[in-house]
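Me: I've got a model open and some labels I'd like to pick apart. Can you walk me through where they come from?

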Amino acid sequence: MIEKIETLLDEIKSLSANDEKEVEALRIKYLSKKGVINDLMTDFRSVPASDKREIGMKLNELKNAAQEKINSLRENVRCHDENACALDLTCTPYPVKLGSRHPLSLVKQEIIDIFARLGFAMADGPEVEDDWHVFSSMNFPEDHPARDMQDTFFVEQHPDILLRTHTSSVQSRVMEHSQPPIRVICPGRVFRNEVISARAHCFFHQVEGLYVDRDVSFTDLKQVLLLFAQEMFGKDTKIRLRPSYFPFTEPSAEMDISCDICGGKGCSLCKGTGWVEILGCGMVDPAVLDANGIDSTQFKGYAFGMGVERIANLKYKIKDLRLFSENDLRFLEEFTAAN
């Protein structure tokens with residue numbers, strides 16, 4: 001009988017099953033009331049008293065081994081079935097909520113696309129810059145307020161290293177390594193040491209443009225900006241240019257567009273004027289061209305710059321600048337249809 005038990009132990013150790021039905025069939029064969037092990041228990045009654053202890057221990061070992069093997073096979077089959085279901089391409093999938101592009105990304109890409117159609121290539125540069133490319137090459141005097149700590153984030157212990165305050169630094173790098181004709185736009189993030197509010201932030205995004213060639217005029221600049229305004233805000237949009245001052249352009253101007261909320265009649269958005277300011281522009285100062293290795297007696301150029309947040313505010317009627325950086329899904333999901 002001991003030899004029979006040993007044979008069954010080896011047989012049970014080698015058992016396998018592919019599904020629940022096969023596991024149940026093995027359980028019935030070995031552990032049911034009419035199973036093999038139960039038959040051995042019946043035969044155990046006729047075993048001599050001197051052998052009962054040894055054979056009884058072997059029978060218990062056999063029964064426990066059979067029970068553990070059946071449980072193990074059942075667990076393996078269940079895990080296999082769950083994995084198979086998870087990988088079954090015919091199963092109905094759970095709905096997966098897709099993300100969408102940020103409103104600033106949408107507006108920035110639209111600006112890039114408009115100027116790309118006008119022949120402008122895209123240029124990029126570092127956000128951590130040196131004083132030369134941010135200020136000196138752009139004709140900022142040494143005592144200009146923008147160099148003060150109130151406006152600029154300087155790197156500690158490195159007074160000539162700072163976070164760029166405008167993407168004009170990219171224009172400087174382009175002019176350093178290229179000769180006219182130059183026609184580029186420079187999108188990117190900029191930083192200024194300002195108090196965060198509904199109308200201001202310590203970081204924001206700009207798109208600046210530069211065109212340098214022979215015989216470039218202010219009329220060329222005005223026509224490009226008019227086309228941009230009508231592409232971005234609608235074909236009925238009007239523009240006006242007001243004299244202004246920037247260290248790197250002369251003459252300089254700020255550009256307004258007709259308010260598309262009130263049609264120029266006056267409302268809270270345009271403060272009753274019928275106009276909304278969106279960008280600064282002007283003819284590149286000859287000192288800037290010379291400082292960046294371009295002969296100002298042979299070439300002229302124009303430049304312009306706009307805040308992406310400002311354009312997004314006007315396009316989507318957003319009143320609080322902080323919404324763009326707070327990652328509120330309720331706000332961001334409003335732009336899903338615009339993707």
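This is a predicted model: local features need pLDDT of at least 70, side-chain atom pairs count only at pLDDT 80 or more; totals for chains, interfaces and linings use all residues.

Me: Why is Ser172 called buried?
Reply: Buried means under 20% relative accessible area, exposed means over 50%, and partly exposed is in between (1.4 Å probe, protein chains only). Ser172 has 0%, so it counts as buried. It lies in helix α7, residues 168-177; helices here are DSSP runs of H or I with at least four residues, strands are runs of E with at least two, and both are numbered from the N terminus.

Me: And what makes Ser258 buried or exposed?
Reply: Ser258 has 15% relative accessibility, so it's buried. This serine is in strand β8, residues 249-258. Leaving aside neighbours within four places in sequence, Ser258 is in contact with Asp236, Thr237, Lys238, Gly274 and Trp275.

Me: How do you know how α5 and α10 are oriented to each other?
Reply: Axes are lines fitted to C-alpha atoms, for helices over the stretch in contact, and angles run from 0 to 180 degrees between N-to-C directions. Helix α5 (residues 103-117) and helix α10 (residues 308-316) pack at about 100 degrees, with axes 9 Å apart. Under 35 degrees is roughly parallel, over 145 roughly antiparallel, 65 to 115 roughly perpendicular, and the rest oblique. So α5 and α10 are roughly perpendicular.

Me: Which residues meet between α5 and α10?
Reply: On the α5 side they include Leu104, Val107 and Ile111, and on the α10 side Val308, Ile311 and Tyr316 are among them. By class, this contact has nine nonpolar, no polar and four charged residues.

Me: How does the radius of gyration of the protein sit against a compact globule?
Reply: The radius is taken over C-alpha atoms, and the globule rule is 2.2 Å times the number of residues to the power 0.38. For 339 residues a compact globule would be near 20 Å, but the protein has 39 Å. The C-alpha trace spans about 120 × 50 × 35 Å along its principal axes.

How values were computed. Residues are numbered from 1 along each chain as its sequence is written. Side-chain values use heavy atoms; hydrogens and water are left out. Contact means heavy atoms within 4.5 Å. Ala, Val, Leu, Ile, Met, Phe, Trp, Tyr, Cys and Pro count as nonpolar, Asp, Glu, Lys and Arg as charged, and the others, Gly among them, as polar.
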